[in-house]
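Colleague: Hi, could you walk me through this one? I'd like to start with the pockets.

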Amino acid sequence: MKTTNRHHKRNTSGDGRGRGENETHNEAHATDQQYHDYDSEGREKDEGKGPQDKYSPQELSLLHLLQPESNYMKTLKENDGNIKSPGNLPKELEISIDEDDQFTPDNWIPRSSHLIRLTGKHPLNGEPQLQALYGAGLITTNSLHYVRNHGPVPHLPWETHQLDLEGGKLVLTMDDLASNYETINIAVAMACDGSRRKELNMIRRSKGFNWGAGAISCAFWKGPLLRDVLLAAGIQGPDPLHEKRPRWVHFEGADDLREAKYATSIPLAYVMDPENDVILAYEMNNVRLPPDHGYPVRLIVPGYVGGRCVKWLQRIWVSDKENDSHFHIWDNRVLPKIE
């Protein structure tokens with residue numbers, strides 16, 4: 001039997017339920033149990049009444065829907081960074097060379113026809129139907145993960161791709177990255193900066209195309225911590241006592257775009273904080289990255305928007321100035337920075 005101490009305000013709205021705005025629902029996930037309420041002096045109230053007597057039909061329906069989620073949450077275990085993504089993921093949807101890509105530079109990339117294309121044939125910017133995204137569960141399969149591309153996908157073989165740090169101070173092959181550093185494998189939710197922009201555009205036209213609510217996904221990403229790689233390159237964390245200006249870690253992708261290379265930056269202090277798992281990822285849900293998601297290596301920054309998680313990563317460097325590229329200043333800000 002579950003008991004709760006609850007404080008009520010007088011209901012003056014006339015709905016007859018006698019429930020105040022400060023009432024709590026601590027028993028929200030156990031609608032099939034017996035309930036006892038107590039007043040502020042500990043006296044039992046409404047003895048014998050169940051949830052049907054306390055909640056509206058709409059609230060009962062919501063609690064019923066939350067019950068499976070509550071049961072699932074109880075089964076979750078702490079991830080020490082070494083587990084694989086769940087083996088019971090929904091089956092990957094069929095992927096193939098799409099007719100829409102036939103006469104584009106991306107005509108070599110298998111893709112799912114279940115992604116809704118938002119910018120015509122090329123480049124691919126797509127999100128899954130919400131029903132499919134919801135049905136996939138907590139972890140999004142690779143074929144349903146939303147895609148944000150600014151141009152053609154680079155064709156980068158694992159065997160020849162290199163990651164340059166600090167202008168040649170450390171140059172890593174993909175085998176170096178996968179073999180010489182301790183790796184972690186964690187689930188990270190990622191959202192596009194423009195998620196649900198369609199609704200904003202209905203109120204007032206903004207810059208950018210009409211993303212719906214499907215531009216958010218969650219997958220397992222595996223790779224070494226960027227912090228460990230920077231330390232191997234001789235880059236130390238910030239020294240607040242002696243550094244007058246913050247330092248920034250810059251990232252550049254291999255995609256050739258009209259405006260320039262895709263580049264951005266995040267604070268060095270964030271990267272070097274052991275509490276933050278910034279990853280140089282080369283696997284997604286236990287397999288090598290798909291081309292649309294940055295093969296052979298991309299940046300994963302938990303807690304940051306997708307625009308900071310640079311794909312097809314080829315260059316990293318540190319400076320005392322924030323990145324000034326077109327994509328960092330104008331493409332990935334709600335309000336562009338004005339000096």
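Modeller: Happy to, and a definition comes in handy here. On a 1 Å grid over the protein atoms alone, a pocket is an open set of points where a 1.4 Å probe fits, with protein on both sides within 12 Å along at least five of seven lines; lining residues have an atom within 4 Å of a point. Grid points are joined across faces, edges and corners, and a volume is the space filled by probe spheres set on the points. This is a predicted model, where local features need pLDDT of at least 70 and side-chain atom pairs count only at pLDDT 80 or more, while totals for chains, interfaces and linings use all residues. Residues are numbered from 1 along each chain as its sequence is written, and side-chain values use heavy atoms, leaving out hydrogens and water.

Colleague: Thanks! How much space lies in the second largest pocket?

Modeller: About 540 Å³. Its lining includes L65, Y72, L130, Y134, S217 and C218.

Colleague: Which element gives the most to that lining?

Modeller: That is α1, with four residues. Residues 57-75 make up α1, and α2 (130-136) and β12 (216-224) also supply at least two residues each. Helices (H or I, at least four residues) and strands (E, at least two) are DSSP runs, numbered from the N terminus.

Colleague: And what is the strand order in the open sheet with β12?

Modeller: The order is β11-β12-β16-β17, four strands with antiparallel pairing. Two strands pair if DSSP finds at least two bridges between them. At the edges are β11 (183-191) and β17 (287-288), each pairing on one side only.

Colleague: How many bridges join β16 and β17?

Modeller: Two, with β16 covering residues 283-284. In one of the bridges, M284 has V287 of β17 as its partner.

Colleague: Switching topic: is S112 buried or exposed?

Modeller: S112 is buried, at 6% relative accessible area; buried means under 20%, exposed over 50% and partly exposed in between (1.4 Å probe, protein chains only). S112 sits in strand β5 (residues 110-112).

Colleague: What does S112 touch?

Modeller: Leaving aside residues up to four places away in sequence, S112 touches L93, E94, I95 and S143, where contact means heavy atoms within 4.5 Å. The S112 side chain also reaches the backbone nitrogen of H114 at 3.0 Å.

Colleague: Now charges. How many salt bridges are there in the whole structure?

Modeller: A search finds nine, counting a side-chain nitrogen of Lys or Arg within 4 Å of a carboxyl oxygen of Asp or Glu. One of them joins R117 and D100, with closest N and O atoms 3.9 Å apart. R117 lies in β6 (residues 115-117) and D100 in the loop between β4 (95-97) and β5, so the pair ties together parts 17 residues apart in sequence.

Colleague: How accessible is R117?

Modeller: R117 is partly exposed at 22%, and D100 is partly exposed at 30%.

Colleague: What about E252 and R315?

Modeller: Those two form a salt bridge with closest N and O atoms 3.3 Å apart. E252 is in β13 (residues 248-253) and R315 in β19 (residues 313-319), so the pair links distant parts of the chain, 63 residues apart. E252 is buried at 12%, whereas R315 is partly exposed at 31%.

Colleague: And which residue does K261 meet in a salt bridge?

Modeller: K261 meets D256, at 2.8 Å from N to O. D256 is exposed at 58%, while K261 is partly exposed at 26%. Elsewhere, salt bridges that share partners join D98, D100, D101, D106, R111, R117 and D292 into one network.

Terms used. A polar contact is a pair of N or O atoms within 3.5 Å; within protein, one must be able to donate a hydrogen and the other to accept it, and residues adjacent in sequence count only if both atoms are side-chain atoms.
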